[in-house]
Amino acid sequence: MKTKNGENEMNTKVKWTVLALCAALLTMTGKAWADANPANDSGSFIIRITPNVDLGVTVDTSDAGWTDGGNLDLTADLNSTSILNTGVLLTVAGDFSNQELTLQGAANNSWTLDADEAPAENELRLYAMIGLNQNTAPAAGSISATVENLNLVTTSAQRAGQNITNEPLNNDTSKRYEFANADTTQFQDVDGMAVGTTRRLWLRADTPPATTSADQQTFTITVTAVTGVGL
Amino acid sequence: MKSIYAKLEGIVRSRALRTIAFWALSFSALAAPVPVLADANPGNDSGAFTIRLLPSVDLGVVVDTTGAHWFGSADLDAVSDMGTTQRLETGVTLTVTGNFNNQELELEAAANDTWTLASDESDAQDQLRLYAMIGADQSTPPSAALISGAANLVTGTATRAGQPQADEGGDANHAYEFSTAQSPQYQDIDGMVVGTTRSLWLRVDTPPLTTSDEQQSFTITVTAVSGAGF
């Protein structure tokens, strides 16, 4: 748009154009230099750090009990079901934030641990579930074998949770010691847990229909932290 | 009317006279001062032109990891607890090569696995803090405290070692460079000439927490760059 000072504006534009051209020419001729052999300008090397990680779990039974205010000792009729009124508190420890847990039981006296759900003399069916750290005990129906006796604690260490194939699917396929997703009071994922994660371990004990011993039977339950990488 | 003889005599005399006159004038000309010539347009008496030679210089650095190793390790592989510090006991030797006597170095690193490289000094899960210092080519490893500070973190961005040109005479704004008073580690790493040797020292701080227990590798690249104007 032509203005009163149009001529001056034009001169200014010309000056700026000339300055820009000069700057461009200086850039083209003054500073550039070539490197005859760029291939030897750099060298690389690799360092490798293998993390010496620490896995861990703290098992806290301080408030756990079969009855309100009770503890983990129980007097039970034969062929009866008992469920923890307050669960055992589990806390993931160490410095490795992809941990999972295995459960293993050991029978210390004359009774044995059942590996199927068929009632048998002197066999205790010991079920376990791990879920949200809260104090509402699950129903007996929530602590039972679903398929393949997945929730029985046996003398073989069994990993809690799902295999890595099913983990991202957010489904209930092949869960072991883990509540169904829809059980919102109890469910919380037990795969790939970070340090500091807390969970509650719930137990259900089904005594045998018959026994040959009237003595107290003790069972040791071992919770072990294991890596969740690839599992 | 003159006879032919007379005419011939006149011709001979006139030639003789002209010859005499010629030589006389010639001698007089030789004896006289050289006349000064004027130039009506001196502006076009000369011409100039410029040739420009662009040096096709060669920058270079040789990175020699022979013998370089962490404390407690035989080489550049280490097994490390979480939340701990490792440092080299023997540094990596760097030698400036090529034909350009004003070279500086850049450091850059790449994380090849699941851990990443920290760009600040705060602790974070799965982040490695990788520090570097370049100094005199000697065998006394610097303490961990001498290999620290956010300016000395090696990241995914190539960063020039040394000081900005404005600070090169002083002791401020070092990157990957020891304080000038630090003996025996300090040696200037700005504007290095061909054949200069330096030692590269590394320190790694493992993260307090990790989601992977697998080996983590990191590639460190040292690149020679021009120190002109930097």
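Predicted model: local features only at pLDDT ≥ 70, side-chain atom pairs only at ≥ 80, totals over all residues.

Reply: Leaving aside neighbours within four places in sequence, B:Ala132 is in contact (C-beta atoms, placed from the backbone, within 7 Å) with B:Leu107, B:Asn152, B:Val154, B:Tyr176, B:Leu200, B:Trp201 and B:Leu202. Residues are numbered from 1 along each chain as its sequence is written, while chains are lettered from A and ligands numbered from 1 in the order in which they are written. Chain B averages a pLDDT of 90, with 84% of the residues scoring at least 70, and the model as a whole scores ipTM 0.78 and pTM 0.77.

B:Ala132 belongs to the largest nonpolar core, which has 42 residues; such a core is a set of buried Ala, Val, Leu, Ile, Met, Phe, Trp, Tyr and Cys residues joined through C-beta atoms within 7 Å. Here a residue is buried if 20 or more other C-beta atoms lie within 10 Å of its own, exposed if 12 or fewer, and partly exposed in between. Together with B:Leu105, B:Leu130, B:Ile134 and B:Leu202, B:Ala132 touches the most other members of this core. The elements that each supply at least two of its residues are S2 of chain A and, from chain B, S2, S6, S7 (103-111), S9 (127-136), S11 and S12, strands being DSSP runs of E with at least two residues and helices runs of H or I with at least four, numbered from the N terminus. The largest share, six residues, comes from S9(B). A second, separate core of 35 residues includes A:Tyr127, A:Ile143, A:Leu152 and B:Met82.

The contact between the chains takes 44 residues from chain B and 27 residues from chain A. On the side of chain B that touches chain A, the largest share, nine residues, comes from S12(B), and by class that side has 21 nonpolar, 18 polar and five charged residues; Ala, Val, Leu, Ile, Met, Phe, Trp, Tyr, Cys and Pro count as nonpolar, Asp, Glu, Lys and Arg as charged, and the others, Gly among them, as polar. S12(B) also pairs with strand S2 (residues 42-52) of chain A in the antiparallel sense over eight bridges, where two strands pair if DSSP finds at least two bridges between them. Within that pairing, B:Val222 in S12(B) is the bridge partner of A:Gly43.

Chain A itself has one helix and eleven strands, and 28% of its 231 residues are buried. Three of its strands form an open antiparallel sheet in the order S9-S6-S11, with S9 (158-159) and S11 (219-227) as the edge strands, each pairing on one side only. S6 (residues 99-107) of chain A and S11(A) pair over nine bridges, and A:Gln104 stands opposite A:Thr222 in S11(A).

The loop between S10 (198-206) and S11 of chain A holds A:Thr218, which is exposed because 12 other C-beta atoms lie within 10 Å. Beyond its neighbours within four places in sequence, A:Thr218 is in contact with A:Asn108 and A:Asn109.

Key:
pLDDT = per-residue confidence, 0-100. Contact = placed C-beta atoms within 7 Å.
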